[in-house]
Amino acid sequence: MFNLLKSLLRAVKEILKKANPFSKYGEDSSVFYIVKKMLAFVAIYLFNAIGVEAAIIISFSAMGYDFLAGEMPDNFFIMNLLPLYGFLFFAIGSMLYAKFIEKRKLSDIGITFNLKSIWRFVRGMLLSVIVLAPIFAVMCALGIYEFSGFGAFNASMFALYFGAFLVQATSEEIMCRGFLMTSIGKKFAKPVAVLFSTVAFIAPHLQSMSPYGAEDVISIINLVLVSIFFSILFYKYDTISMCAGFHLGWNFIVSYVCGLQLSGMESNNESLVNMGVNSASIFLSGGEYGLEGSVIVTVALVLMDLLGLFILRRHLNKQELQSAAK
C-alpha cells in the first residue's frame, strides 16, 4: 500500500513538473507542450488581472469609495475605459514570458517597429471601416438601427477612447496571436494553433455574457469567426500589426464613433454618431452584448473568413513555390 502511494505521488510530481509553464521539461510531449502553453496564458492573464483589479480597488479607496460596500464611481471613463488601459500589463506579461522563458525575440511573436508595420496597422483600421460600413448600412436599412444625427466632437474623449482601444486591442493580439498562437504553431499545424488561440481569445469574453441565453450562442460563434479572421491576417502578414489595427478600428468605431454596446460594455453618450437600436429581436440587434451578437455580423464574418482563407491559401502556395525554386 505504501509503495503504491509512493508511486502515485511520484507520478503526480512528474505530471506537475512536465506541466510547469515556466520550465522546458516535458516539451517533447505534444500533450504537455499544449498544456504548458495554455497554463502560461492562464497564469499571465490571472496574475495581471488580479494585479490590475487590485490597483483599481486601491485607487477607488484612495478616492474615498468603499468598494466592499458597493460604492463605485459614477464615471464612464473610470468604470469602462480605465480597465482597458490595464490590458497593457497583459501584453507586457506575454512579451516577458516569450523573451525570458521561451527565449524568443519580439519579432518571433509578430511585434516589429518599422514604417511597414505602422502602415499595415493603418490598413487594418481602414479594413475595419470597409467591413463595418455595409454591416451598418444593412442594419439601418432593415430598421434595426436608426441614425438620429451627429454628436459633438470632444478631443479629450476621442483621445481617451482611441488610447484605451489601442492598448486593449493590441494587447489581446499580442497575447492570443503573437504569443500563444505562434508558440503552439512551433510544434503543430496552423489550424491547431488557431484553435487554441481562439479558445484563449473567447474565454475572457464569456464574463460579459449574461445570463448565457440562446443569443449568447451567436455571440460565441461570432467570437470564433472574428478570431479566425484575426489569425488569417496574422499569418498573411506575419505580424500583429494588421490584425491589431483591424481590432482597434472595429472596437473604436462601434463603441466611440457610433456609441453602441461593445462585447457587453455599456454604451456611451459621447459618440460622434447617434445610433439607436430599434429592433426587439436580440438575434438581429445582438441584445445586451451589442453588435457582435447579431446574426447579420455572423454572415459578414463567414464571408470575411472564406475570402481571407482563399487569399491566405494563395499566399502560402506562392511562398511554397518560391521556396521550391530556391
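Predicted model: local features only at pLDDT ≥ 70, side-chain atom pairs only at ≥ 80, totals over all residues.
**Confidence.** I looked up the scores before anything else. The chain has an average pLDDT of 89, and 93% of the residues score at least 70. I then went through the elements of the chain. The highest mean pLDDT, 97, belongs to helix H7, residues 190-202. The lowest, 77, belongs to helix H3, residues 76-85.

**Largest pocket.** I noted a volume of about 1,100 Å³ for the largest pocket. Its lining is made up of 43 residues. Nearest its centre I found Pro 83, Leu 84, Phe 87, Pro 204 and Gln 207. I checked which helices contribute at least two lining residues each: they are H2 (30-62), H3, H6 (155-185), H8 (214-237), H9 (241-257) and H11 (295-325). H2 gives the largest share, with seven residues. I keep in mind that H3, one of these contributors, is the element with the lowest mean pLDDT.

**Second largest pocket.** I recorded a volume of about 350 Å³ here. The lining has 16 residues, and Thr 112, Phe 113, Phe 121, Thr 170 and Ile 240 are the closest to the centre. At least two lining residues come from each of helix H4 (88-101), helix H5 (115-141), H6 and H9. I had already listed H6 and H9 for the largest pocket.

Definitions and conventions
Residues numbered from 1 in each chain as written. Heavy atoms only, no water. pLDDT = per-residue confidence, 0-100. Helix = DSSP H or I, 4+ residues; strand = E, 2+ residues; numbered from the N terminus. 1 Å grid on protein atoms, 1.4 Å probe; cavity = no way out; pocket = protein on both sides within 12 Å on 5 of 7 lines; lining within 4 Å. Points joined across faces, edges and corners; volume = space filled by probe spheres on them.
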